[in-house]
Amino acid sequence: MALPPRVKIVDVGPRDGLQNEKAPVSAADKIALVHALQDAGLREIEVTSFVSPKWVPQMADALEVMAGIVRKPGVRYSVLTPNMKGWESAATTKPDEIVVFGAASEAFSQKNINCSIAESIERFAPVVAAARAAGIKVRGAISCAVGCPYEGEVAPERTGMVARLMKGIGVDHVGVADTIGVGTPLKVRRAMEQALAVYPIEEVSGHFHDTYGQALANIHECLQMGIATFDASVAGLGGCPYAKGATGNVATEDVVYLLHGLGIETGIDLDRLVDAGAAISRAIGKPNGSRVARALLAKRGVAVAVECA
Ligand code: HMG
Ligand code: MG
């Protein structure tokens with residue numbers, strides 16, 4: 001199959017990238033990151049999460065961050081909402097899209113959202129109904145689609161099962177997530193095939209953490225299947241608080257470099273994206289996790305730390 005001519009990137013850096021930072025990151029820095037991303041041409045930005053501040057303290061300023069961003073026409077701002085409490089709070093901030101997040105593994109569902117997969121679907125159902133009634137699109141994340149930190153291997157059929165459950169409650173789009181970055185192209189293809197048996201191709205995306213350095217290979221595999229939406233995190237920021245040792249998402253800069261090299265349009269200005277990643281890396285005092293950003297910054301004569309975050 002021909003590669004898609006255009007790919008949509010959802011930058012999840014402000015949410016997935018920062019949620020696991022131990023030291024507080026100010027709302028002002030988070031807002032500046034969202035602004036830098038939209039100025040670089042990102043048209044989809046995952047801004048924050050309406051989750052329990054006891055579970056994820058870094059996202060406790062969700063209301064402040066959503067209130068502080070100056071929205072750009074044509075950009076979709078999404079937020080995570082695990083339950084009605086999260087939805088009710090999120091709805092006051094008028095997101096363009098919400099994300100319910102389930103898992104293909106029972107153990108991860110319990111650790112991450114404190115309920116079984118079946119219970120999670122029951123919790124999501126009223127959230128999805130309320131969002132759709134308000135004209136807001138709903139994405140469903142399927143964590144641990146190719147491997148779980150607690151259960152190990154996860155069969156591809158588990159992705160199909162969760163996709164069907166999500167479809168049954170009206171979720172518009174599913175994101176197949178390699179939460180701990182253990183996937184390799186064949187495993188990812190098999191999980192994707194399961195999601196594609198339930199959702200049309202334009203409503204399936206990939207979300208790859210890069211722990212084992214396989215994320216770009218996995219994205220390339222998905223491109224060959226015609227999948228054209230991917231999550232990524234500027235400067236490779238991040239990790240999941242309930243997946244110990246997992247590193248951040250694949251760096252947005254690295255994905256953009258790959259896509260542009262393949263002649264695929266993204267609408268993103270790589271230089272400005274590198275600026276966005278350099279600024280947030282400085283703000284949180286972490287080395288830049290994007291290899292492409294480090295190479296381009298070095299070319300500009302900027303001293304960069306070489307080790308990954
Ligand atoms: P729970 O403890 O089962 O919920 O948590 P509960 O209904 O029993 O409530 C307990 C307390 O939490 C109560 O407060 C509630 O008010 C409060 P208390 O009376 O004890 O003071 N509470 C909330 N507060 C704020 N916002 C809410 C909310 N809900 C309840 N929405 C819950 C269930 C889901 C809330 C909890 O487990 C939680 O917040 N988990 C955090 C999960 C999370 O954010 N994980 C990281 C994001 S997912 C991810 O990174 C994966 C992804 O990137 C894809 C991938 O890579 O796989 C998307
Ligand atoms: Mg993630």
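A residue is called buried when its relative accessible area is under 20%, exposed when it is over 50%, and partly exposed in between. The legends below apply these terms to a predicted model.

**Figure 1. A patch of negative charge lies on the surface of the predicted model.** Four residues, Glu106, Glu119, Glu122 and Glu151, gather in this patch. Glu119 belongs to helix α6, which covers residues 117-133. The relative accessible area of Glu119 is 39%, a value between 20% and 50%, and this residue is therefore partly exposed.

**Figure 2. Three protein residues donate atoms to the magnesium ion (ligand 2).** The donors are Asp16 through OD, His207 through NE2 and His209 through NE2, at 2.1 to 2.3 Å from the ion. Along the chain, these donors follow the spacing D-x190-H-x1-H. Distant parts of the chain are linked here: Asp16 lies in helix α1 (residues 13-17) and His207 in strand β7 (residues 204-208), 191 residues apart. Asp16 has a relative accessibility of 2% and counts as buried. His207 is likewise buried, with a relative accessible area of 8%.

**Figure 3. Arg76 forms salt bridges with Glu44 and with Glu97.** Side chains of opposite charge can pair when their charged atoms come close. In the pair of Glu44 and Arg76, the N to O distance is 3.8 Å. Glu44 counts as buried at 7% relative accessibility, whereas Arg76 counts as partly exposed at 27%. The salt bridge between Arg76 and Glu97 also has an N to O distance of 3.8 Å. This second pair links strand β3, which holds Arg76, to strand β4 (residues 97-103), which holds Glu97, across 21 residues. Glu97 is buried, its relative accessible area being 3%.

**Figure 4. Arg300 and Asp271 form a salt bridge.** The closest N and O atoms of the two residues are 3.5 Å apart. Arg300 lies in the segment after α12 (291-299) and Asp271 in helix α11 (residues 270-284), and the pair links these distant parts of the chain, 29 residues apart. Both residues are partly exposed: Arg300 has a relative accessibility of 39%, and Asp271 has a relative accessible area of 44%.

Note on methods:
Residues numbered from 1 in each chain as written. Chains lettered and ligands numbered in written order. Predicted model: local features only at pLDDT ≥ 70, side-chain atom pairs only at ≥ 80, totals over all residues. Heavy atoms only, no water. Patch = residues over 30% accessible without salt bridge, like charges linked within 9 Å, V, L, I, M, F, W, Y side chains within 5 Å. Areas by Shrake-Rupley, 256 points an atom, 1.4 Å probe, with all protein chains shown as cover. Salt bridge = Lys/Arg side-chain N within 4 Å of Asp/Glu carboxyl O. Lys, Arg positive; Asp, Glu negative; His and termini not counted. Charge placed at Lys NZ, Arg CZ, Asp CG, Glu CD. Helix = DSSP H or I, 4+ residues; strand = E, 2+ residues; numbered from the N terminus. Buried < 20%, exposed > 50% of the residue type's maximum accessible area, 1.4 Å probe, protein only. Donors = N, O, S within 2.8 Å, 3.2 Å for Na, K, Ca; no water.
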